[in-house]
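The points below can be read alongside the display.

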Amino acid sequence: MPSFRGTQNPAVTFWGAAQSVTGSMHLVEVSGDRILLDCGSVRSERGPSRARAASFPFEPAAIDAVVLSHAHSDHCGNLPHLVRQGFAGPIYCTPATRDLIALMLGDSARIQEEDARVHGIVSGEPDDGLPSVSARHWVEQTLSQCIVVPYNESVQVTPHAELRLLDAGHILGSAMVALTLAGPRGDVTLTFTGDLGRRGLPFLHQADAVPAADLILCESTYGGRLHQDVDAMADILARVIERSATEGGVVLIPAFSLGRTQLVVHYLERWMECGRLPRLPIFVDSPLAAGIADVYARYPESFPDGVVRGRGGEVVGVSPLSTTSPPHHLTSRYVRSPQESDDLAEQSGPCVIVASGGMCDGGRIVKHLRRHVDDPRASLVLVSYQAPDSLGRKMLERKPTIRFHGRNWNKWIEVVEVNGFSGHADRDDFLAYLGPLAERTGKVRLVHGEPGQAWALADTLSDAGFADVDVPAREETVPIG
Ligand SMILES: [Zn+2]
């Protein structure tokens with residue numbers, strides 16, 4: 001086990017999301033204190049079918065504190081494993097993140113327990129991964145170790161580290177992490193952006209200003225590209241939904257349950273309210289998304305609903321595409337029970353079904369696809385990244401038929417891609433967030449991006465005047481200050 005660097009001087013070691021986008025985990029060490037930033041699992045949401053106990057490259061019991069940026073699984077999913085393997089310290093996060101990880105980790109524990117049970121029945125052997133009966137126990141224990149910290153309040157998290165969380169504008173509760181570290185040669189500062197939101201989307205508040213620091217760890221998921229603008233997204237959806245209204249087909253939208261689903265539903269409702277899209281019933285077929293919607297409803301102050309705010313919170317404009325007090329407010333219907341979901345799958349259009357399973361490989365989207373893939377009146381709108389081996393990617397390929405679930409299908413459904421519903425900053429967003437800091441920043445290290453995206457952003461930032469920008473490898477240690 002490589003264990004700890006043991007340096008008194010402040011430093012950070014990259015243990016995950018280094019030249020990749022999953023498994024976010026960075027270890028900060030200062031004067032003997034050890035603070036873990038994020039503890040993510042390697043695949044998000046519906047991960048490998050049988051989750052295994054994670055192993056850590058350090059002794060979990062020797063970590064003093066964890067700071068969690070947000071509730072996506074690739075940032076929090078390994079917390080129960082860390083706790084199970086001996087971490088007993090505090091986990092700092094925003095109140096909304098604490099509520100959301102209760103759902104996210106609970107859902108993944110339920111899947112692990114189901115998988116372990118099925119494996120036990122099929123193989124006749126006890127499961128050799130996580131002890132099935134205890135997955136939920138470790139989630140409960142993890143939640144009991146959470147200490148909530150509202151945005152912009154400073155707290156001492158270890159003897160040598162003071163923490164402040166700032167709004168990252170990515171999903172409800174998402175935070176940037178600002179640390180002031182007392183090293184042997186004085187204080188140094190570290191900013192970890194977590195995942196940073198897009199500017200200009202009127203759904204969540206805009207991200208706070210990124211604090212200047214001796215070292216900025218910045219995500220780079222889409223550091224080399226520009227997202228579709230909101231008008232173009234509305235145009236594509238208008239055409240698809242008008243066709244559904246006319247011809248009576250179903251519009252299927254697979255989406256990950258946390259973040260993407262809420263964003264897509266928000267836009268569909270607002271655009272239908274203001275007449276940009278024809279009004280059709282919207283069904284959200286995901287029990288997890290239904291639970292998440294309940295959490296979102298607990299934090300109304302987090303949703304400006306059409307009001308675009310500047311960095312100081314001041315109103316800088318109102319989106320022409322949304323209305324702040326709609327005369328006929330639309331509400332989507334959430335489908336929770338398996339029976340309701342089966343009934344929905346038998347229904348014909350016109351309607352819109354947003355279902356769990358962003359890449360079509362699992363989740364409730366699968367049954368709807370089986371039902372409608374050969375219906376020429378139906379549409380499939382892909383709003384998420386589709387991995388090369390996913391069913392969603394196969395649906396996008398221009399082949400006359402498609403094979404899944406053991407048979408060939410005619411694929412008469414129309415398949416459309418809309419790439420602008422991202423919760424992540426693009427190249428111009430990063431320039432706007434970081435550009436003003438070039439003179440006041442020591443180093444920038446780009447994490448949470450495939451090498452192509454990360455290096456493209458590194459070039460952009462170097463051109464913008466940053467003197468020391470790099471893309472660290474896994475296990476690399478960088479001094480802070
Ligand atoms: Zn995220």
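1. The axes of helix α11 (residues 427-434) and helix α12 (residues 451-463) come within 11 Å and cross at roughly 40°. That angle makes α11 oblique to α12, since angles under 35 degrees count as roughly parallel, over 145 as roughly antiparallel, 65 to 115 as roughly perpendicular and the rest as oblique. The crossing is right-handed.

2. On the α11 side the contact is made by R427, F430, L431 and L434, and on the α12 side by L457, T460 and L461. Two residues are in contact if their C-beta atoms, placed from the backbone, lie within 7 Å. These residues divide into five nonpolar, one polar and one charged.

3. This is a predicted model, in which local features need pLDDT of at least 70, side-chain atom pairs count only at pLDDT 80 or more, and totals for chains, interfaces and linings use all residues. Residues are numbered from 1 along each chain as its sequence is written.

4. The protein chain has twelve helices and 24 strands; these are DSSP runs, helices being H or I of at least four residues and strands E of at least two, numbered from the N terminus. Of contacts between residues at least 6 apart in sequence, 75% join residues at least 24 apart.

5. Buried residues make up 50% of the 481 residues (buried: 20 or more other C-beta atoms within 10 Å of its own; exposed: 12 or fewer; partly exposed: in between). E113, in helix α3 (residues 95-123), counts as partly exposed because it has 18 C-beta neighbours inside 10 Å. The C-alpha atoms of E113 and A135 are separated by 6.9 Å, and the two residues are 22 residues apart along the chain.

How values were computed
Axes are lines fitted to C-alpha atoms, for helices over the stretch in contact, and angles run from 0 to 180 degrees between N-to-C directions. A crossing is left-handed if the near helix is turned anticlockwise from the far one by less than a right angle, and right-handed if clockwise. Ala, Val, Leu, Ile, Met, Phe, Trp, Tyr, Cys and Pro count as nonpolar, Asp, Glu, Lys and Arg as charged, and the others, Gly among them, as polar.
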